[in-house]
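Subject: A structure for you to explore

Hello! I am handing over the structure we talked about, and my notes on it follow just below. Please open it beside this email as you read.

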Amino acid sequence: MLFWVIAAILTLGASLAVLLPLTGGMKGASAPGDHDLEVYRDQLSELDRDVARGLIQPGEAEEARAEIGRRILRLGAVERPASASASSSRGIRFVAVLAVPLLSWGLYGVLGSPDLPSQPLAERLAKNPADSSVDELVARAEAHLAANPSDGKGWDVLAPIYLRQQRFPDAITAYRNAIRLDGDSTVRQAGLGEAIASAAGGIVSADAQNAFEAALKLDPANAKANFYLGVGLAQEGRKDEAVAAWQKMLGQLPPDSPWRSAVQQALAEAGQPAVAASGPDAQQMEAAQQMSPQDRQAMIETMVAGLDDKLKQNPRDEEGWMRLIRSYAVLGKPDQAREALGRAVAAFGADSEQAKKFTAFAASLGVTATE
């Protein structure tokens, strides 16, 4: 009920604020022909005085009076339609002013939810976090940090959320506060660099570059920092260095890394095929060094056979085909490498861009396609 009372008072106040100036202006305004009528009356009085002084003949005076009379009659004929028009205009304005609140109330009664209970911010922030939306959780974290600005962990939690919400200036502030309060980490420095670059429209500035380089000092394999430093090289016109950095990065990334697609896209935009072939990871290489030559060879052949089986199930894996061709070539199995090349070309079509890429890549390894 309180809602409707407040809404009625606000609506009445808004309507009066529009109506009162209209009515006041109408009462104080003079008719458009009042001034002309005063002029004609003055002319009649002046004419009588000229006749009394003998400055004008009686016949001429009568003709002048007739002309002034006709003008007064014409003025009255014009004022009547004008008055009617003004009256009509006033009516339209009154109806329009009154229709707006009535229409608004009608629509709200149909579409609105006047019976919905109020939801004060304090009560929403006090809800169970599992029942809160992301915006409510962010508001809760912001309220906590406003009261506890030295909580580095809070800034550390909030910074990546700001980054995902594309609130880049807030993300920069949060990352810097987290670094200042809780110290350096590769994740914080890489996140700070990404926030700075994103705020600049994707330009890797000197500040962003410094953040990425700080991240690499802590973890040289950090994918985000390596990728954006390559972007910075490309933006500086050092395309060959950028391509080399991305190719190296592609060879080190695990197969399930979300950064693989970003690197491949960057290489494609640079006009370079993503031909980096990743071999065994560091743990596998260390284990292989402890094996006998026969066991090492058997392990490698097992890995290659596993890759071959995966490509039979998913023949649309471009990079996988190039890894298989290269593996067979390195193992000294040209027939299997040639067969893999033929299967790769068949999977994408002989006239496809992928087929041309496979053929060129195989040729660089000394493997030629068979008819």
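How many of the 371 residues in the protein chain are buried, as a percentage? Buried residues make up 29% of the chain. Here, buried means under 20% relative accessible area, exposed means over 50%, and partly exposed lies in between, with a 1.4 Å probe and protein chains only.

Some ground rules come before the details. This is a predicted model, in which local features need pLDDT of at least 70 and side-chain atom pairs count only at pLDDT 80 or more, while totals for chains, interfaces and linings use all residues. Residues are numbered from 1 along each chain as its sequence is written, and side-chain values use heavy atoms, with hydrogens and water left out.

**Confidence**

The score called pLDDT is the predictor's confidence in each residue, from 0 to 100. The protein chain averages 77, and 69% of the residues score at least 70. A contact means heavy atoms within 4.5 Å.

**The overall picture**

The protein chain has 17 helices and zero strands. Both kinds of element are DSSP runs numbered from the N terminus: helices are H or I with at least four residues, and strands are E with at least two. Among the contacts with a separation of 6 or more, 49% join residues 24 or more positions apart.

**The nonpolar cores**

A nonpolar core is a set of buried Ala, Val, Leu, Ile, Met, Phe, Trp, Tyr and Cys residues joined through side-chain atoms within 4.5 Å. The largest one holds 43 residues, and L192, F212, F227, W246, M249, W259 and V263 touch the most other members. Helices giving two or more residues to this core include α5 (134-147), α6 (152-164), α7 (168-182) and α8 (186-199). A second, separate core has 20 residues, including A340, V345, F348 and A362.

Helix α8 is mostly covered, with eleven of its 14 residues buried. Among these buried residues are R188, E194 and L192. Leaving aside neighbours within four places in sequence, L192 is in contact with I172, Y175, R176, I179 and A211. What covers the buried residues of α8 includes α6, α7, α9 and α10. Just after this helix, G201 takes a positive phi of about 75°.

Which residues of α11 are buried? They are A242, V243, W246, Q247, M249 and L250. Seen down the helix axis, they fall within an arc of 165°, so they line one face of α11. (The arc is that of the directions from the helix axis to the C-beta atoms.) On the other side of α11, D240, K248 and Q252 are exposed. The buried residues of α11 pack against α10, α12 and α15 (318-330).

The buried residues of α6 are G152, G154, W155, L158, A159, Y162 and L163, and they pack against α5, α7 and α8. V138 counts as buried because its relative accessibility is 5%. V138 and Y162 are 24 residues apart in sequence, yet 8.8 Å apart in space, C-alpha to C-alpha. Apart from neighbours within four places in sequence, V138 is in contact with L158, I161, Y162, Q165 and R167.

Is Q166 buried or exposed? At 58% relative accessibility, Q166 counts as exposed. Q166 lies in the loop between α6 and α7. Its phi is near 60°, a positive value in a residue other than glycine.

Happy exploring!
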